Amino acid sequence: MTLRAEHSDVLIIGAGPAGSVAAGMLRQKGRKVLVLERDTFPRFSIGESLLPQSMEFIEQAGMLRAVVEAGFQYKNGATFVRDTLFSELDFREKHSAGWGTTYQVQRARFDHLLALEAERMGAEVRFRHEVIAVDTSGERPVVEVRSSEGDLYTVDASFLLDASGFGRILPKLLGLERPSTFPVRAAIFAHIKDHIDPGTFDRNKIRITVHPEHVDVWYWLIPFSDGHCSIGVVAEQKFLAQFEGTDTERLRKLVFEDPSANTLLRNAEWTMPARQITGYATNVSALAGKGFALLGNAGEFLDPVFSSGVTIAFKSASLAVDCLEREAAGETVDWNTEYSQPLKKGVDTFRAFVESWYAGAFQKIIFYAQGKPEVRRKICSILAGYAWDETNPYVRDTKRRLAALEEICA
Ligand code: FAD
C-alpha cells in the first residue's frame, strides 16, 4: 500500500518544552515548521521547577510575554534542608549575567501554553499524531505517522528534530539508546493542596530536603501560585521497593519520615493519586546524525535534583536552531562539534553536581555556613542554570573545583 506523502521543511517530533520552543525559534527565523505530538494537550507532565537560565530561551522563542502573563508561581531560588541544617540560595545573587528569577509551573498548562504560542507564531502543530517509524537513509529523513483516527501517512523533511522526551523515538528506532551511568532511581510524586501556614514558608523557592538518615534520598516541594504544591521523593529503586501500599500511601509514609514535614504539611490535602516513574536517567550514543538531531530528554536525561531538565531541553533547541540557520545560509555545519559537544559541556557540569550530590559531597558544600560569598555566587550560577558560562571556573573545571571545595567544607 502506498501511503499519502507530505513534505515539510523542519519536522519536530513532540510538543513538549523542547519541541515547542524549537518551533518558536524556527518561526522567528521564518522557517516552515510541522510539529507532530502523540498526545492531546493539556496533559500531565512532571518537571515543574524552572531555572532562570531557561527564561533567556523562552524570550528567544518569542514566548516571554505569554509565560510572564500566565500567572505562574514566581521563583527566585532554592532552599536546602537536612535535620537542623538549612541553606538558602537566591538566584539573583549569582556570578553569571542574565535572568535571576523564573517560575514554578504546572506543566499541563505550561506545555500547552508553549504549544499554543508555537501555533500562534505560525508553526503547524498536530495533536494526536504519533510518529511510529523513521528512515534516515535517504536524501531527506522520512517519518511514518499514525493519526488518532488511524490514518497512516509519511512526511519527509529537510531536517528532523526529535523532541519526543521519554518517548525517545529516534534513539529507539535508530538503535542509539545507551544506559545511563547512574544507578536506577525512581520518583514517587503527586500534587497536594498544601494549606501551609502563611509566613512559615517561602513559596518563591523550591525546597529540597535530604532524608534524615539516607544521604541519597531526597524530597522536592515545589509551590504553585494556586495553593497547591508538587511533592516528590527520589531514591534508588531498591530503597523505594521496601515501601508497600498504593503510591499515595508510600509517598505519604516517606514524606513524613522527614520531621519538618510533620509541621509544614500537617494540614495538607492529598488531592491527586501519586504516581511513580522509574529509571528515567537515559543516554544515547550520538545526539545528531544525518538529517536529524535529538533535543531535550530524547537525548540524555540526568536526574531531577537540580531541576535542570527543561533548561537543557531549551538549550538544545537553541543550539540546534542556530546550526539549522547556518546551514540554511549555506555554511557547512559539523553537528558533532557545533551541537553535541557544546550541549554536553553544560550537561557534564550538571552531571558532576549530580554525582557530588548523591555522594553527599555537595551537601557538605551547600550546608557549609562559612562559605565565601564569591564561591557561593558561582555555585548559585550553576544551580540557576548557567552551566555553559565559561567565565565560571566551576563550569571550566567542575570536578576538580568541587572536590577542592568539599575538602574545605568537610
Ligand atoms: P517531554 O516534556 O517529555 O515532551 C516530549 C513530548 O513528545 C511529549 O508531549 C510526548 O507526548 C511527545 N511524544 C513522545 N513520543 C512521540 C511520538 N512517537 N510521536 C509524537 N510525539 C511524541 N525538569 C525541570 O526543569 N525541573 C524540574 O523540577 C524537573 N523535575 C523532574 C522530576 C522528575 C521525577 C523527572 C523524571 C524529571 C524532571 N524534570 C525536571 C525533567 C523534565 O521533566 C524534562 O527534562 C522535560 O520535560 C524535557 O522536555 P522535552 O520537551 O525534552 O520532553
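Is the crossing of helix 1 and helix 9 left-handed or right-handed? In this predicted model, the crossing of the two helices is right-handed.

## Helix 1 against helix 9

Two packed helices are described by the angle between their axes and the distance between the axes. Helix 1 covers residues 17-28, and helix 9 covers residues 309-328. Their axes come within 9 Å. They cross at roughly 35°.

On the helix 1 side, the contact is made by P17, A18, V21, A22, M25 and L26. Helix 9 brings V310, A313, F314, A317, S318, V321 and L324. By class, these contact residues divide into 12 nonpolar and 1 polar, with no charged residue.

## Three domains

The protein chain is divided into three parts: domain 1 (4-74 + 101-179 + 282-346), domain 2 (185-278) and domain 3 (360-409). Domain 1 is written as three segments.

Domain 1 and domain 2 touch. Here 16 residues of domain 1 are in contact with 20 residues of domain 2. The centres of these two domains, taken over C-alpha atoms, are separated by 30 Å.

## The largest pocket

Where does the largest pocket lie? It lies between domain 1 and domain 2, because both give residues to its lining. The pocket holds about 1100 Å³ of space.

Several helices and strands each supply at least two lining residues. Helix 1 and helix 9 are among them. So are strand 2 (33-37), strand 8 (129-135) and strand 12 (185-193). The list also includes strand 13 (205-210), strand 14 (218-223) and strand 16 (275-278). By class, the lining has 26 nonpolar, 14 polar and 9 charged residues.

## The second largest pocket

How much space lies in the second largest pocket? About 330 Å³. It is lined by 18 residues, and K372, V375, Y394, L405 and I408 are the closest to its centre.

Helix 11 (361-366), helix 12 (373-383) and helix 14 (398-409) each supply at least two residues of this lining. The largest share, 6 residues, comes from helix 14. The lining of this pocket has 11 nonpolar, 2 polar and 5 charged residues.

Methods
Residues are numbered from 1 along each chain as its sequence is written. This is a predicted model: local features need pLDDT of at least 70, side-chain atom pairs count only at pLDDT 80 or more; totals for chains, interfaces and linings use all residues. Side-chain values use heavy atoms; hydrogens and water are left out. Axes are lines fitted to C-alpha atoms, for helices over the stretch in contact, and angles run from 0 to 180 degrees between N-to-C directions. Helices (H or I, at least four residues) and strands (E, at least two) are DSSP runs, numbered from the N terminus. A crossing is left-handed if the near helix is turned anticlockwise from the far one by less than a right angle, and right-handed if clockwise. Contact means heavy atoms within 4.5 Å. Ala, Val, Leu, Ile, Met, Phe, Trp, Tyr, Cys and Pro count as nonpolar, Asp, Glu, Lys and Arg as charged, and the others, Gly among them, as polar. On a 1 Å grid over the protein atoms alone, a cavity is a set of points where a 1.4 Å probe fits but cannot get out, and a pocket is an open set with protein on both sides within 12 Å along at least five of seven lines; lining residues have an atom within 4 Å of a point. Grid points are joined across faces, edges and corners, and a volume is the space filled by probe spheres set on the points. Domain bounds come from an automatic or database domain assignment.
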